Amino acid sequence: MNPGTPFASLGVVGGGAWGTALASLCAANGVPTTLWAREDAVIRAVNDAHENTAFLPGVPLPESLKALNSLGMAAENEALLFVVPAQFARPVLAELRSGAGGRAIPVALCSKGIERATGMLMTEVLHEVWPEAEPAVLSGPSFARDVALGMPTAVTLAAADRDLGSRWVATVGAAHFRPYLSDDLTGAELGGAVKNVLAIAAGVVEGKGLGESARAALIARGFAEFQRLGVALGAKPETMAGLSGLGDLILTASSAHSRNMSLGIELGKGRALDDILAERNTVSEGVATAGAIHALAVKAGAETPICEAVAALVAGEKSVDEIIAALLARPFRSEA
């Protein structure tokens, strides 16, 4: 792969843990980077204490990293990393387009979810709201704290244009952060959405005390669901079996540090969803995405019983015990 030229300036839109980690990474790479955040306390902490005390406490940030609350100023950068949760993405993208004057800015989408109201993937939302933007997708097995602390991480960087992808690799790539280039945007973003739903299911297995064997079976059968849906939507098999697919699923469905798995653990223990969410200042994307994934699968004619079960659970339509009983009562079938 020919080495690309890093972007001259970068705006990271989204001041949560993941957005902060990516902004820190790019600033440490020497790229002039600004971080847009909605919360005034986050902006002050990043600018004055060089730390995001609300979402990434205890992790020092480069002094060159500057935070702001103006989307118009963020849109003045040469390129954008978009890290706003999927359910809040549309109005923010519209405001960014306005601030950019409708210019064709490269936008790498880092939000892992599907818009619940429309069933659209994030690239589809971007195309509808900001058709001039040049899309890319960054996704893969990557906890924000690991990346911010410089621990080895590898992700998928998907872009239809190889030169654009090379520029993104040159901007975010580092010795400890290895982006692998792909041209399969659908596969990259679909994996990031589906794994959050499956991670909730894996957490339920953990919280309910069903054992490691059950969790391994769920991950394997969940991956089969993802493959069926991905094929129906045109994703490439190698993407689904790669970092943004199987890799991200393994991480998110195997660690209690995952927001979605930890939520599933609490559901498996019998706690109410509203009570769990009320205790958190971060977004568990799988809750909003489960119903959208199920609807997408029905439309595509893909069988996804685990995702369907999670959708019913978070919608309050069935209890954990009812869902487990229904999944275990499914008829035996060929694995192929």
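Lys112 and Asp248 form a salt bridge in which the closest N and O atoms are 2.8 Å apart; the term stands for a side-chain nitrogen of Lys or Arg within 4 Å of a carboxyl oxygen of Asp or Glu. The model is predicted, so local features need pLDDT of at least 70 and side-chain atom pairs count only at pLDDT 80 or more, while totals for chains, interfaces and linings use all residues. Residues are numbered from 1 along each chain as its sequence is written, and side-chain values use heavy atoms, with hydrogens and water left out.

How exposed are the two partners? Lys112 has 13% relative accessibility and counts as buried, and Asp248 counts as buried at 1%. Here buried means under 20% relative accessible area, exposed means over 50%, and partly exposed covers the values in between (1.4 Å probe, protein chains only). Helices (H or I, at least four residues) and strands (E, at least two) are DSSP runs, numbered from the N terminus.

The next level is the domains. The domain assignment of the chain gives domain 1 (10-183) and domain 2 (187-329); such bounds come from an automatic or database assignment. Taken over C-alpha atoms, the centres of domain 1 and domain 2 are separated by 25 Å. Domain 1 puts 27 residues into the contact and domain 2 puts in 26, where contact means heavy atoms within 4.5 Å.

The size of an interface is often given as the accessible area lost when the parts come together. Between domain 1 and domain 2 the buried area is about 2100 Å², and carbon and sulfur atoms give 64% of it. Buried area is the accessible area (1.4 Å probe) that two parts lose on being put together, summed over both. On the domain 1 side, Lys112, Ile114 and Phe143 lose the most area to domain 2, together 29% of what that side buries.

How many salt bridges does the rule find across the interface of domain 1 and domain 2? There are two. Polar contacts between the domains come to seven residue pairs, with both residues at pLDDT 80 or more. A polar contact is a pair of N or O atoms within 3.5 Å; within protein, one must be able to donate a hydrogen and the other to accept it, and residues adjacent in sequence count only if both atoms are side-chain atoms. The elements that give two or more residues to the side of domain 1 that touches domain 2 are α5 (122-129), β6 (134-139), β7 (153-159) and β8 (177-182). Of these, β7 gives the most, with four residues. By class, this side of domain 1 has 14 nonpolar, nine polar and four charged residues. Ala, Val, Leu, Ile, Met, Phe, Trp, Tyr, Cys and Pro count as nonpolar, Asp, Glu, Lys and Arg as charged, and the others, Gly among them, as polar.

A search of the whole structure finds 15 salt bridges. One of them joins the side chains of Arg90 and Glu128 at 2.7 Å, N to O. Arg90 lies in helix α4 (residues 89-99) and Glu128 in helix α5, so the pair ties together parts that are 38 residues apart in sequence. Arg90 is partly exposed at 24% relative accessibility, and Glu128 is partly exposed at 46%. Another salt bridge joins Glu266 and Lys269 at 3.8 Å, N to O. Lys269 is exposed, with a relative accessible area of 55%. Through shared partners, salt bridges join Glu266, Lys269, Arg271 and Glu279 into one network.

Some single residues remain. Val204, in helix α8 (residues 185-208), is buried with a relative accessible area of 9%. Leaving aside neighbours within four places in sequence, Val204 is in contact with Gly264, Ile265, Leu267, Gly268, Leu313 and Val320. Asn260 lies in helix α12 (residues 259-268) and is buried, at 3%. Beyond four places in sequence, Asn260 touches residues including Asn196, Ser284 and Glu285. Arg221, in helix α9 (residues 212-233), is partly exposed at 29%. With residues up to four places away not counted, Arg221 touches Arg228, Ile306 and Glu335.
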